[in-house]
Amino acid sequence: RVKGVIFMSIDIKKIEEAVKNILEAIGEDPNREGLKDTPKRVAKFYEEAFSGLSVDPQKNLDVEFSENHEEMVIVKDIPIYSMCEHHLLPFFGYAHIAYIPRGKVTGLSKLARVAEDFARRPQLQERLTSQIADTIKNTLNPHGVLVVIEAEHMCMTIRGIKKPGSRTVTSAVRGIFRKNAATRAEAFSLIMSKK
Ligand code: ZN
C-alpha cells in the first residue's frame, strides 16, 4: 500500500469544454449571460465531487491507538453525498458504521472521513458500502465491521420510474457480525433506533 499518493488529477479545462459541448448539444447558447460561467461552475463542482479519486481513503486510519475496549463502537448518521456512476446524478443519505476493536481503535471522525473519501468518486451504493467495510477491516483488523448506508438516488427520483422519497438500504457485514446473529442484531437495532 502506498501512502498519500496522488493517483490522478482532475482536468478542469476538459470538463469545461465538455459542459460547453453539452449545452450546445441540447440547443442552448453557452455564451448567453446565465450560462457563460456554467462550465466553470460545473467543473469546480466535479472537482470537489470526484476529489476522492486522488486520495487514499485508508490513510485516514493511519493514526491508531492501542485500547483495551473490545466492545461495539458505532458512528451513526454520517452524511453521505455521492454520484451514481451510471447517470452522474447525486445520491445522498447517511452511513452508519459499527465495529468491534481488537486492541486497536481509531478516531471516530476518521471513520467518517473514510466514508466521505470513498463517496467522492463515481460510485455504486453497494460498492461504497463494501469499500468502507473492507478498508476498516484491513486496516484495524477488528473483530467485526458492519456498515449500513441509506440513500436516495436522484436517478430514481427524477427519471424513469420516478419514486421520490424512496431510499435504498445496503449493508456490508464482516467478521463477528457475519458469524454471530445476536451481535449483528444488536448493531442493527442500535443503528436503526431513533435518538
Ligand atoms: Zn443511477
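Biologist: Is Arg32 buried, exposed or partly exposed?
Modeller: Arg32 is partly exposed, with a relative accessible area of 38%. Buried means under 20% relative accessible area, exposed means over 50%, and partly exposed lies in between, using a 1.4 Å probe and protein chains only.

Biologist: Before I go on, what am I looking at, and how is it numbered?
Modeller: This is a predicted model, where local features need pLDDT of at least 70, side-chain atom pairs count only at pLDDT 80 or more, and totals for chains, interfaces and linings use all residues. Residues are numbered from 1 along each chain as its sequence is written, and side-chain values use heavy atoms, with hydrogens and water left out.

Biologist: Back to Arg32. Which residue does Arg32 form a salt bridge with?
Modeller: Glu28. The closest N and O atoms of the two are 2.9 Å apart. A salt bridge here is a side-chain nitrogen of Lys or Arg within 4 Å of a carboxyl oxygen of Asp or Glu. Glu28 is partly exposed too, at 29% relative accessible area.

Biologist: How many salt bridges are there in the whole structure?
Modeller: A search finds 8. One of them joins the side chains of Lys13 and Glu16, at 3.2 Å from N to O.

Biologist: Where do Lys13 and Glu16 sit?
Modeller: Both are in helix H1, residues 12-25. They are 3 residues apart, so about one helical turn separates them. Helices are DSSP runs of H or I with at least four residues, strands are runs of E with at least two, and both are numbered from the N terminus.

Biologist: And is Lys13 buried or exposed?
Modeller: Lys13 is exposed, at 52% relative accessibility.

Biologist: Which parts of the chain does the Arg174 and Asp134 pair tie together?
Modeller: Arg174 is in strand S7 (residues 168-175) and Asp134 is in helix H4 (residues 125-140), so the pair ties together parts that are 40 residues apart in sequence. Their side chains meet in a salt bridge at 2.7 Å, N to O. Arg174 is buried, with 15% relative accessible area. Asp134 is partly exposed, at 28%.

Biologist: New topic. What coordinates the zinc ion?
Modeller: Cys84 through SG, His87 through ND1 and Cys155 through SG, at 2.2 to 2.3 Å. Donors are N, O and S atoms within 2.8 Å of the metal, or 3.2 Å for Na, K and Ca; water is not among the atoms, so sites may look incomplete. Along the chain, the donor spacing is C-x2-H-x67-C.

Biologist: Where are His87 and Cys155 in the chain?
Modeller: His87 is in the loop between S2 and strand S3 (89-100), while Cys155 is in helix H5 (residues 154-157). They are 68 residues apart, and the pair links distant parts of the chain. His87 is partly exposed at 34% relative accessibility, whereas Cys155 is buried at 9%.

Biologist: Which strand is Ser82 in?
Modeller: Strand S2, residues 73-84. Ser82 is buried, with a relative accessible area of 4%.

Biologist: What does the Ser82 side chain reach?
Modeller: The backbone oxygen of Ala119, at 2.6 Å. Leaving aside neighbours within four places in sequence, the contacts of Ser82 (heavy atoms within 4.5 Å) are Leu89, Pro90, Phe91, Ala119, Arg121 and Gln123.

Methods: A polar contact is a pair of N or O atoms within 3.5 Å; within protein, one must be able to donate a hydrogen and the other to accept it, and residues adjacent in sequence count only if both atoms are side-chain atoms.
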